[in-house]
Amino acid sequence: MEQGVNHAWDAALRAACLALIVVQNSSLILVTSYSRTLSPPYLASVAVFFAEVLKLGAAFALLVSEDRSVSRAARQVVLLIREHGWETVQFAIPALCYTLQNNLWCVSFELSICAPRLFCYS
């Protein structure tokens, strides 16, 4: 029965993580779209960079709350990167693709705003 409980817990955790990622991506697009209508204007790449910095900070804050110490959490991060370097690279590649996707989305959003204006004056 223990194995069935663990499997059910894993499935529920995976579904919750997927739902959280969907909500995060959707809210990022909605907030970015709305904020681009406000002034002063900003570079979309800066928004993507700070979104990634906020996620990094949130992940580290969760690790600190789990370890109850900033220094222990920092040591654990360094130790895990040293011990599991190849796995870190394997996770870094999709993360970089995700960051590239966000940058491309912001560029396409800017082009969708600028292109009609360019063709209007042609």
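The chain has 4 helices and 0 strands. This is a predicted model. From the N terminus on, its elements follow the order α-α-α-α. Of the chain's 122 residues, 11% count as buried.

**Confidence**

- The pLDDT of the chain averages 81, and 84% of the residues reach at least 70.
- Helix α3 has the highest mean pLDDT among the elements, at 92.
- The lowest mean, 75, belongs to helix α4, which covers residues 85-121.

**Contacts and surface of the whole chain**

- Among contacts in the chain with a separation of 6 or more, 55% are between residues 24 or more positions apart.

**A nonpolar patch and Phe50**

- Five residues, Leu43, Val46, Phe49, Phe50 and Val53, make up a nonpolar patch on the surface.
- Together these patch residues have about 480 Å² of accessible area.
- Phe50, one of the patch residues, is located in helix α2.

**Ser69, between two helices**

- Ser69 sits in the loop that links α2 (44-67) to α3 (70-83).
- Ser69 counts as buried because its relative accessibility is 15%, and the cut-off for buried is under 20%.
- The side chain of Ser69 makes a polar contact of 3.1 Å with the side chain of Ser71.

How values were computed. Residues numbered from 1 in each chain as written. Predicted model: local features only at pLDDT ≥ 70, side-chain atom pairs only at ≥ 80, totals over all residues. Heavy atoms only, no water. Buried < 20%, exposed > 50% of the residue type's maximum accessible area, 1.4 Å probe, protein only. Polar contact = N/O pair within 3.5 Å; in protein donor to acceptor, adjacent residues only side chain to side chain. Patch = residues over 30% accessible without salt bridge, like charges linked within 9 Å, V, L, I, M, F, W, Y side chains within 5 Å. Areas by Shrake-Rupley, 256 points an atom, 1.4 Å probe, with all protein chains shown as cover. Salt bridge = Lys/Arg side-chain N within 4 Å of Asp/Glu carboxyl O. pLDDT = per-residue confidence, 0-100. Contact = heavy atoms within 4.5 Å.
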